[in-house]
Amino acid sequence: MTPRRRQSPSQLGGDRAGPDLSGPGPVVVMRGITKSFGEVTAVSGTDFDLRQGEIHALLGENGAGKTTLMNILYGLERPDTGVVEIGGESVRLRSAHDAIELGIGMVHQHFQLVPRLSVAENVILGAGGRRRVRLPDLTAVAADIEELGERYGLSVQGSELISDLSVGEQQRVEILRALYLGARVLILDEPTATLSPVEIDQLIEKLRNMARGGTAIVMITHHLDEVMTAADRITVLRAGVDVATVAAGETSPLDLARLMVGREVTVLGEAGEAGEAGESDEVGEAGESDEVGEVRGGTGPVGAAVLTVENLTSASQWGTSDAGFRAFNGVDLVVRAGEIVTVAGVEGNGQAELEAILCGLHHPMSGWIRLGDTDITSFTPRKLLSCGVGFIPSDRYRHGLIGGLSVAENLVYDRIDKAPYGGRFRLDPRAVVARGTELIKQFGIAVRTPTAVASTLSGGNAQKVVLARALRTDLRLLIAAQPTRGLDVGAIEMVWSQLRAQRDAGVAILLITTDLTEVIALSDRCHVIYRGRLTETPLDREAIGMAMGGAGVRAAGPAP
Amino acid sequence: MTGPTGGADVPANDADVYDAPANDAPANDADANGAGAPAIFPARDRRLQLRPLGSAAAAVTAAFGAGGILLALAGANPLQAYADMFSGTFGSRFDFSLVLVEAAPLLLIGLGLIVAFRARVWNIGAEGQLLTGALAGGAFALYAPIGTRAVMIPAACLAGAAAGGVWGWVVGFLRARWNVNEVISSLLLNYVALRGLDYAIRKPLRDPVGFQPVSQTLPEAARLPDIPGLRVHIGLLIGLGLIPIVAYSMRRTPFGFRTEMMGLNRDATEAAGVNTGRLIMGVMMISGALAGVAGVLQVMGPESRLTGNISPGFGFTAIIVALIARLRPTGVLAASVLIGALTLGGDVIQRTQQVPRVLTLVIQALFVLLLLVADKVGRARR
């Protein structure tokens, strides 16, 4: 492209062919990598190395820093500190172009393909970086791709439109694009997240083939069973720290689950100090988790069933493969008054769809939802609110907060036409502000005045607003989705104690979370959702962790 | 006025404009509270206070400046042209009456557009809603056997409001039901309405003895009287009377609150139990109804019959009015008078300075462009 861009690889000691990646040493070495986003430290002093011809799994819970670490390797993020060496030479990656020039390719979780263009055209799209007046001959490109595909067993038609391809085929195109651009290091971010089990097996087989051919592969995942079948070595990240790197032959899903969730409190404490308190799980709470275990279990009696979900199946497709996955299938669930029931699971396993349906934003394809004796399956949010259902949405900025309104308005906006805030044709701003002032005090929301706009709130305070609004006086059922995601320790504690208080007051709470610590801290009963199936799981970190990774479902069985 | 496409671009950009104040509002916190703690939803009002007014004034001034350069290029003395323009519009009661006649439909339509725009529903179809209202209300006035003004005029207005409202509702329905982009559907419905009116005055409603494709003159009972002392039909009073009603509705009713909510964050509004689909249809219906009333008033007032050129693009010009008014009901009056005066002023300078009147259309377009710029600049400085 620009002369400057051109220089970068040569500065780094490589020509178009890049540095020598075939030597005996590791092809990639990352040392002491730290990366913070604002107050949150995503990766903290992490080391990582990658050898030629291996599949190296990067394992960890959501928010453990896996993707951030790989984005650094791919030049999308620059580390605050730390060194990246490729082929033995220290490099400074300024963009993905630099990484591509050095033979690194990345396939993102969400494919970066243009649906209305052909396979060959999509591959060319990624071939920027050098000035081209004319597009290369598409027929030749298509032939190259097809040949490349044959070599690696990733057959595609260069002339086909992306929109005609299944998710699995689109992924092949992504991989081929990276290979076409000369990748000898291939990073795959959650490559199995949207694939059916059959496709997953096929993918793993192809990856093994490529590794045998000398490509070094990094696979980001949190699925334990895939790690065991696919990887040669495994690096486990927790709270931004690499807690272990082990050979696949020398470990077990159980060990990995332990490493992932951090059973030993001391280790967690250290990780917490190093990683700061920004991320959701882990950290300070781990120290408390033992006491939490005792507190768990409502003090009030568990009452009648408040929420009953029967054979619920979502309408949305979960990939376009022949298997035709639903986001979730045949879910049965009961939440009684005065208990917290958890649906735990990693993202992309149907939690989000379950949340949307329970909140009335989507309609299920089949099944029933009942509130007490009332069928609420097709209720709108308005009706649900009016019969005592409260929501803490997982995406609080999208569904739970209106940044342009004041904090006071945000606290009552779902009942603005009810006394004392207003009637059919009037509003009483004073009542709104008065109630706002009251709730701000009660929930300790850090804001100078109730009339300040909500967009100025920090994450924790924003969540307090959402919580304060959800905890209406006539609350019967609370659906809390990821209620502490991204919050600091103090805010987490506050949210937890509010949830416990509501439970003790007899509210039925359905907690949807990805955070294992939270599951342990709050649940009376726990279900794990994995690939759209719900399994009741004993309240045990390991058992839940394994089940969230799918291991409990396929291998060990739910009970340890 | 501004062609359909020009109109379509403006609001899309403006979405950006109205997003912005929410973000830099914290800087204003102190002022807002220092200034005697406005009890009425200060967070919303604050961003509609001085700065938007200032940027509107700055944009208008700059547009006149740029217009001056264009006038000079066209061979006129800019200062003289502006002076002519001023005296030709505000100089006498008669001239000013003409301005108000021009401003009356803009006022009504602008008020309706504000309701839709606040919900971030970009109604570009006010022109079509006006024509539909004119057609329905005009047909009603032609054929309804009503002899008294006091009954005929309100009834015809209701007919026009209903027709315009339905025309707007269709757009809202398409958006709510199938997520059809309202910019496109409302824009295209303009042409449907235009051709529908064209057909009506050529075939069923055509004056059988006339030579032109126009309807018969309306019966006396359907002719709008003038406001005493001015040469302005009483339709202007409807617009004036609606200003406080719209202002109140937007600020002090759950409807207005929810409209604002939806404009700021539709997902959260839906999750808060508001039927946003219904709200979209509602704001489109109100928007269309007001444009429809403006249409009938044109028929019963200045035109006194159904013709093919009831509107010289009021529906599009009103978009500029709404934007200059910063979506404030109270700002619409000044904005519509300004635009009305400018339109008429174009005729004046065409006479006195021999420059094409379209220059004033360029100035109007500059208003909006510079308004957007002034907003960006104001934000960057903060």
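How many residues does helix H9 (residues 182-202) of chain B have, and how far does H9(B) reach from its first C-alpha to its last?

## Helix H9 of chain B

In this predicted model, helix H9 of chain B has 21 residues and reaches 30 Å from its first C-alpha to its last, which is close to the 30 Å expected at 1.5 Å a residue. The buried residues of H9(B) include B:Val183, B:Leu187, B:Leu189, B:Ala193, B:Leu197 and B:Ile201, and among them are also B:Glu182, B:Ser185, B:Ser186 and B:Asn190.

## The sheet of chain A and its helix

Chain A holds an open sheet of six strands in the order E6-E7-E8-E3-E9-E10, with mixed pairing. Its edge strands, each pairing on one side only, are E6 (104-107) and E10 (241-247), and the twist averages 20° from one strand to the next. Within this sheet, strand E3 (residues 55-59) and strand E9 (residues 233-238) of chain A pair in the parallel sense over four bridges, and A:Leu58 has A:Thr235 in E9(A) as its bridge partner.

Helix H9(A) packs on the sheet, where it touches E3, E9 and E10 of chain A, and its direction makes about 30° with that of E9(A). This helix (residues 253-261) is mostly covered, with seven of its nine residues buried; they are A:Pro253, A:Leu256, A:Ala257, A:Arg258, A:Leu259, A:Met260 and A:Val261.

## Packing of H5 and H6 in chain A

Helices H5 (residues 138-152) and H6 (residues 167-180) of chain A pack with their axes 10 Å apart and at an angle of about 105°, and H5(A) and H6(A) are therefore roughly perpendicular to each other. Here A:Asp144, A:Ile145, A:Leu148 and A:Gly149 in H5(A) meet A:Leu176, A:Leu179 and A:Tyr180 in H6(A). By class, this contact has five nonpolar, one polar and one charged residues.

Key
Residues numbered from 1 in each chain as written. Chains lettered and ligands numbered in written order. Predicted model: local features only at pLDDT ≥ 70, side-chain atom pairs only at ≥ 80, totals over all residues. Axes fitted to C-alpha atoms, helices over the stretch in contact; angles between N-to-C directions. Helix = DSSP H or I, 4+ residues; strand = E, 2+ residues; numbered from the N terminus. Parallel < 35°, antiparallel > 145°, perpendicular 65-115°, else oblique. Contact = placed C-beta atoms within 7 Å. Nonpolar A, V, L, I, M, F, W, Y, C, P; charged D, E, K, R; others polar. Expected span 1.5 Å × (residues − 1). Buried ≥ 20, exposed ≤ 12 C-beta atoms within 10 Å, placed from the backbone. Pairing = 2+ DSSP bridges.
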